[in-house]
Amino acid sequence: MNLVESARFALSAVAANKLRSVLTSLGILIGIAAVIILLAVGAGSSAAIRNQIAKLGTNVLTVSPISAGGRSANGAVSQTRTRSADLTLADMQALNNSALAPDIARTAPVIQASAVLASYQGSTHTIASFLGSTPDYFGTANDSLAYGSYFSDADASSGTADVVIGSTVASELFGSQLRSAIGASVSLNGQNFTVLGVLASKGASGLNDPDDVAIVPFAAAQDKFVGYSATLNSVAVQAKSAEVMNQAQNEIEMILDARHSVSAADRDYQVRNQAQVLSTATSTTQTLTLLLGTVAGISLLVGGIGVMNIMLVTVTERTREIGIRKAIGASRGSIVSQFLIESLVISLIGGILGVLIGLIGSSLPFFGTQPEVQWWTVWLAVAVSAGIGLIFGIYPANKAAKLKPIDALRYE
């Protein structure tokens with residue numbers, strides 16, 4: 001009996017037990033769909049995080065103080081630090097030394113105020129991130145304008161009551177007409193500021209909304225919100241390119257170590273490298289994707305066991321048929337190929353339907369994240385479903401082929 005004849009017998013058996021075949025392939029279907037959808041969700045989450053960090057600038061470093069008793073550079077808690085750590089304008093200006101820091105493009109001081117309430121004609125909004133800085137901050141933070149203009153260096157030093165707001169703040173106060181915010185006078189903790197510009201949206205990511213921000217001139221923030229002080233909350237530093245991020249970080253540490261009389265073991269400041277943040281986030285999402293894929297793979301294994309179980313039941317039910325076929329001359333290879341093809345067909349049906357459902361499921365957003373289908377997973381899923389049919393069908397097929405004709409004919 002040739003392969004075509006074995007295939008005909010196998011397809012006839014699948015068609016004769018439609019409900020059982022469908023239920024058996026359901027385990028494969030669920031497993032394949034889960035693999036495609038979960039890996040797509042993982043890839044989509046990874047892409048969203050990379051895009052979000054890229055919008056904040058991939059060649060940005062943030063220098064911030066460590067409070068007394070904080071963590072040192074190696075992560076250990078320092079018990080010896082007794083003075084508070086301060087970052088000052090003088091520290092920032094020292095980083096602009098092109099001889100000592102040739103890989104630093106520009107710096108910007110940052111001071112922050114919390115719980116700043118913005119209001120305009122009855123609409124109110126508590127701003128998540130309220131900053132005072134200089135115009136260099138916008139370039140360092142990769143901010144671009146949707147409408148209006150930035151404030152100037154003269155505004156930053158004189159304390160002009162101007163403000164540049166993010167798109168979230170603008171929409172909360174002015175509705176959908178963001179352009180109407182330009183030139184409007186808004187109240188910030190009861191003090192009037194003129195809106196100079198509205199920043200282009202960067203898009204929210206999880207609990208963090210980079211568009212919920214307001215930036216005022218540095219001197220205005222000192223005068224009206226935090227009080228005059230030489231202390232900065234942080235210094236935003238932009239390297240000349242993403243390729244020299246590590247060199248720029250080394251230059252920052254060399255300059256500030258000398259100014260603060262500290263070493264790597266007891267630094268009173270920390271430098272956050274955006275490229276390192278991106279690398280860590282990417283590594284984390286890859287690990288999560290691998291975990292999701294493993295969970296889905298387990299469901300595929302369960303589906304394969306289901307295929308084997310049903311094929312064993314099929315062999316038992318058709319013992320007399322196998323005996324008759326062997327008695328009239330069917331070879332062992334013919335019996336094996338018949339049951340392997342039957343197992344393969346059931347698995348491929350589940351695999352193909354699983355791919356279709358996986359693609360449909362991957363087109364829908366999950367918790368605000370748009371999954372990205374990895375096409376290699378589709379081809380892998382089809383190959384795996386075929387492999388499951390063959391691997392989990394071998395034992396039942398061999399069991400059928402090993403039956404002795406006389407024993408099979410006697411079976412009731």
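Buried means under 20% relative accessible area, exposed means over 50%, and partly exposed lies in between (1.4 Å probe, protein chains only). Keep that scale in mind for this tour.

**Before you start**

This is a predicted model: local features need pLDDT of at least 70, side-chain atom pairs count only at pLDDT 80 or more, and totals for chains, interfaces and linings use all residues. Residues are numbered from 1 along each chain as its sequence is written, and side-chain values use heavy atoms, without hydrogens or water.

Colour the chain by pLDDT, the predictor's confidence in each residue, from 0 to 100. The chain average is 80, and 85% of the residues score at least 70. Now select residues 69-84. Here pLDDT stays under 50, although the model has 23 contacts for this stretch beyond four places in sequence. A contact means heavy atoms within 4.5 Å. Where pLDDT is low, the predicted coordinates should not be read in detail.

**Stop 1: Lys 202 and Asp 143**

Select Lys 202. It is buried, at 8% relative accessible area. Which side chain does Lys 202 meet in a salt bridge? The partner is Asp 143, at 2.8 Å from N to O. A salt bridge is a side-chain nitrogen of Lys or Arg within 4 Å of a carboxyl oxygen of Asp or Glu. The structure holds 4 of them.

Trace the chain from each partner. Lys 202 sits in the loop between strand E10 (191-199) and strand E11 (213-217). Asp 143 sits in the loop between helix H4 (136-140) and strand E7 (145-148). The pair is 59 residues apart and links distant parts of the chain. Helices (H or I, at least four residues) and strands (E, at least two) are DSSP runs, numbered from the N terminus.

Stay on Asp 143. This residue is buried too, at 14%. Leaving aside neighbours within four places in sequence, its contacts include Tyr 137, Tyr 150 and Ile 215.

**Stop 2**

Select Arg 267, in the loop between H8 and strand E14 (269-273). At 11% relative accessibility, Arg 267 counts as buried. Show its salt bridges:

- Glu 253 meets Arg 267 at 3.7 Å, N to O.
- Asp 257 meets Arg 267 at 2.9 Å, N to O.

Glu 253 lies in helix H8 (residues 245-260), so its bridge ties together parts that are 14 residues apart in sequence. Asp 257 is also in helix H8, 10 residues from Arg 267. Is Asp 257 buried or exposed? Asp 257 is buried, with a relative accessible area of 15%. Shared partners join Glu 253, Asp 257 and Arg 267 into one network.

**Stop 3: helix H6**

Select residues 167-174. This is helix H6, and 6 of its 8 residues are buried. Among them are Val 169, Leu 173 and Phe 174. What do the buried residues of H6 pack against? Show strands E4 (116-120), E5 (123-127), E8 (162-165), E9 (185-188), E10 and E11.

**Stop 4: two crossing helices**

Finish with helix H10 (residues 319-327) and helix H11 (residues 332-362). Their axes come within 10 Å and cross at roughly 140°. Axes are lines fitted to C-alpha atoms, for helices over the stretch in contact, and angles run from 0 to 180 degrees between N-to-C directions. Show the side chains at the contact. H10 brings Glu 321, Ile 322, Arg 325 and Lys 326. H11 brings Ser 334, Ile 335, Gln 338 and Phe 339.
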